[in-house]
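Biologist: I would like to go through this model with you one question at a time. Could you take each answer slowly and end on what I asked for?

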Amino acid sequence: MFDQTGFLPTKKLRDFQNKIQQMAREKIAPQALGVDEKEFFNREVESLLWDHGLLTLTFPERYGGYGKGRTVALCLAVEEIAKVCASSSLLLIIQAVGSFPIIHGGSKRLKQNYLPQMSKGRKLVAYLVTEPTAGSDIASIQTTAVREGKEYLLNGSKCFATSGGVAGIYSVLAKTSEGNGNSSFFLVDRESPGLSIGRTESKLGQRGSNTTEVFLENVRVPAENLLGREGEGFLMAMRDFDMSRPAIAAQALGIAEGAFEAILQFIKERHTFGKSIGDHPAIQTLIADSATLIEASRGLAYRAALLNDEGKNNTKFASMAKSFAGDAAMKITTDAIDAIQVLSGYGFLKDSQVERMFRDAKLTQIFEGTNQIQRLVITRQILKESM
Ligand SMILES: Cc1cc2nc3c(=O)[nH]c(=O)nc-3n(C[C@H](O)[C@H](O)[C@H](O)COP(=O)(O)OP(=O)(O)OC[C@H]3O[C@@H](n4cnc5c(N)ncnc54)[C@H](O)[C@@H]3O)c2cc1C
């Protein structure tokens with residue numbers, strides 16, 4: 001399952017990974033610093049991702065999907081891109097997350113209509129779950145969807161919508177009744193009257209991703225745009241997490257590897273007190289600990305992804321992978337700044353890229369369920385298994 005460079009199970013995946021690695025290093029890496037500094041959504045990188053089929057990886061094959069092994073493929077692509085630019089890798093993740101309710105809950109007719117719009121028409125999708133008063137506790141959302149004849153009427157405010165201002169399609173979670181099992185996903189077009197985009201957020205990290213508020217005021221959608229059955233929204237969001245959390249783990253892994261590469265490069269070049277800084281015991285500990293955290297993150301991320309591809313329950317491993325790799329990425333990027341700054345100050349400079357990676361890593365501990373919530377999920381799963 002693993003070779004010296006990591007998890008590379010098939011030649012198809014190995015070739016896929018090599019192609020993305022080359023593209024990321026040649027075309028995305030040179031833009032990463034500028035995108036972060038100016039905080040803008042880079043349409044050039046978006047086009048590149050479409051050109052390489054990376055924004056439809058989890059779609060059915062006839063709409064540009066990777067096919068068998070799609071979660072592992074998504075993770076490999078995210079990891080390679082995150083090594084050089086986490087913001088760009090987030091676009092892949094949110095496209096997979098946002099299209100999940102459509103792919104798994106849309107009627108045949110709806111999919112035949114919308115999936116080509118996304119794959120051939122290159123439409124981005126955003127995932128509208130979080131609200132100002134409902135983040136971790138998604139069961140407490142306030143957005144409503146009321147059935148009126150052949151339509152639903154949607155009202156509510158969403159926030160923290162990745163790609164919110166650049167998407168053409170939205171997967172929206174709304175309450176369809178009071179009580180438990182009360183939420184449902186809907187597909188909403190960007191052009192729908194009553195849908196408007198609010199503030200674009202200015203962020204600490206992953207600043208090349210677009211994050212906005214989205215408002216729904218008396219938005220009418222055809223009843224056919226209900227994704228899955230009424231009341232299935234919460235369950236669908238949980239199943240989506242089983243795919244997205246390994247991908248966030250892969251993003252954290254990629255950021256950590258990017259920072260680790262910078263540490264190694266620096267160590268090769270830097271000498272103090274007549275010897276390479278790699279000969280100082282404190283630096284050796286940092287290298288050993290970082291490399292171990294990276295390999296442990298890789299093991300968990302791809303185990304969770306593989307289980308998902310095999311149709312097995314991966315909820316516990318997905319949460320372990322996401323929380324472990326996110327925490328590891330924070331530790332490694334912090335250590336990278338500390339080690340390099342203490343020795344010379346270069347790590348503190350924007351040009352080092354490590355400073356950006358440190359800020360980018362923080363988000364992996366927050367979205368798709370905070371790392372505190374992952375611990376609740378892990379414990380719940382363990383107790384369930386021990387019954
Ligand atoms: C840049 C960015 C992009 C995002 N993209 C999207 C997106 O595309 N779509 C979307 O729907 N959402 C998105 N989110 C929202 C994200 O998923 C939420 O921020 C996250 O789930 C946490 O919710 P919250 O911020 O409301 O924090 P809260 O839920 O208010 O939590 C506050 C704190 O309390 C802790 N906490 C809460 N409940 C518990 C508990 N039971 N036990 C222990 N600790 C607890 C949390 O861990 C956290 O530390 C994004 C967020 C960011 C920052």
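Biologist: Which residues does Leu363 touch, leaving aside residues up to four places away in sequence?

Modeller: This is a predicted model, in which local features need pLDDT of at least 70, side-chain atom pairs count only at pLDDT 80 or more, and totals for chains, interfaces and linings use all residues. Residues are numbered from 1 along each chain as its sequence is written. Two residues are in contact if their C-beta atoms, placed from the backbone, lie within 7 Å. Not counting residues up to four places away in sequence, Leu363 touches Gly205 and Gln206.

Biologist: Is Leu363 buried or exposed?

Modeller: A residue is buried if 20 or more other C-beta atoms, placed from the backbone, lie within 10 Å of its own, exposed if 12 or fewer do, and partly exposed in between. Leu363 has 25 C-beta neighbours inside 10 Å, so it counts as buried.

Biologist: In which helix is Leu363 found, and how many of the residues of that helix are buried?

Modeller: Helices (H or I, at least four residues) and strands (E, at least two) are DSSP runs numbered from the N terminus, and Leu363 is found in helix H9. The buried residues of H9 include Val354, Met357, Phe358 and Leu363, and also Glu355, Arg356 and Asp360. Helix H9 (residues 354–363) is largely enclosed by the rest of the structure, because the number of its 10 residues that are buried is eight.

Biologist: Where is Glu39 found, and what is its phi?

Modeller: Glu39 is found in the loop between H1 and helix H2 (43–51). Glu39 has 15 other C-beta atoms within 10 Å and is therefore partly exposed. Although Glu39 is not a glycine, its phi is positive, at about 50 degrees.

Biologist: Between which domains does the shell around the ligand lie?

Modeller: The bounds come from an automatic or database domain assignment, which divides the protein chain into domain 1 (2–119), domain 2 (125–231) and domain 3 (234–385). At least two residues of the shell come from each of strand E3 (125–128), strand E5 (151–162) and helix H10 (371–385). Since both of them give residues to the shell around the ligand, it lies between domain 2 and domain 3.

Biologist: Which of the residues around the ligand come nearest?

Modeller: A residue is near a molecule or strand if its C-beta atom, placed from the backbone, lies within 6 Å of it. Ala, Val, Leu, Ile, Met, Phe, Trp, Tyr, Cys and Pro count as nonpolar, Asp, Glu, Lys and Arg as charged, and the others, Gly among them, as polar, and by these classes the shell has 11 nonpolar, eight polar and one charged residues. Of the 20 residues around the ligand, those that come nearest are Val129, Thr130, Gly135, Ser136 and Thr370.

Biologist: Which strand is joined to E3, and do the two run parallel or antiparallel?

Modeller: Val125 and Tyr127 point one way from E3 and Ala126 and Leu128 the other way, all of them buried. Two strands pair if DSSP finds at least two bridges between them, and Val125 stands opposite Ile169 in E6. Four bridges join E3 to strand E6 (residues 169–175), and the two run parallel.

Biologist: Which residue in E9 is the bridge partner of Leu153?

Modeller: Strand E9 (residues 211–222) is joined to E5 by nine bridges, the two running antiparallel. Strand E8 (residues 195–200) also pairs with E9 in the antiparallel sense, over four bridges, where Thr200 has Thr212 as its partner. The partner of Leu153 in E9 is Arg220.

Biologist: Which helix gives the largest share of the side of domain 1 that touches domain 2?

Modeller: In this pair of domains, 25 residues of domain 1 are in contact with 20 residues of domain 2. Helix H1 (11–38), helix H4 (86–105) and helix H5 (108–119) each supply at least two residues of that side of domain 1. The largest share, 13 residues, comes from H4.
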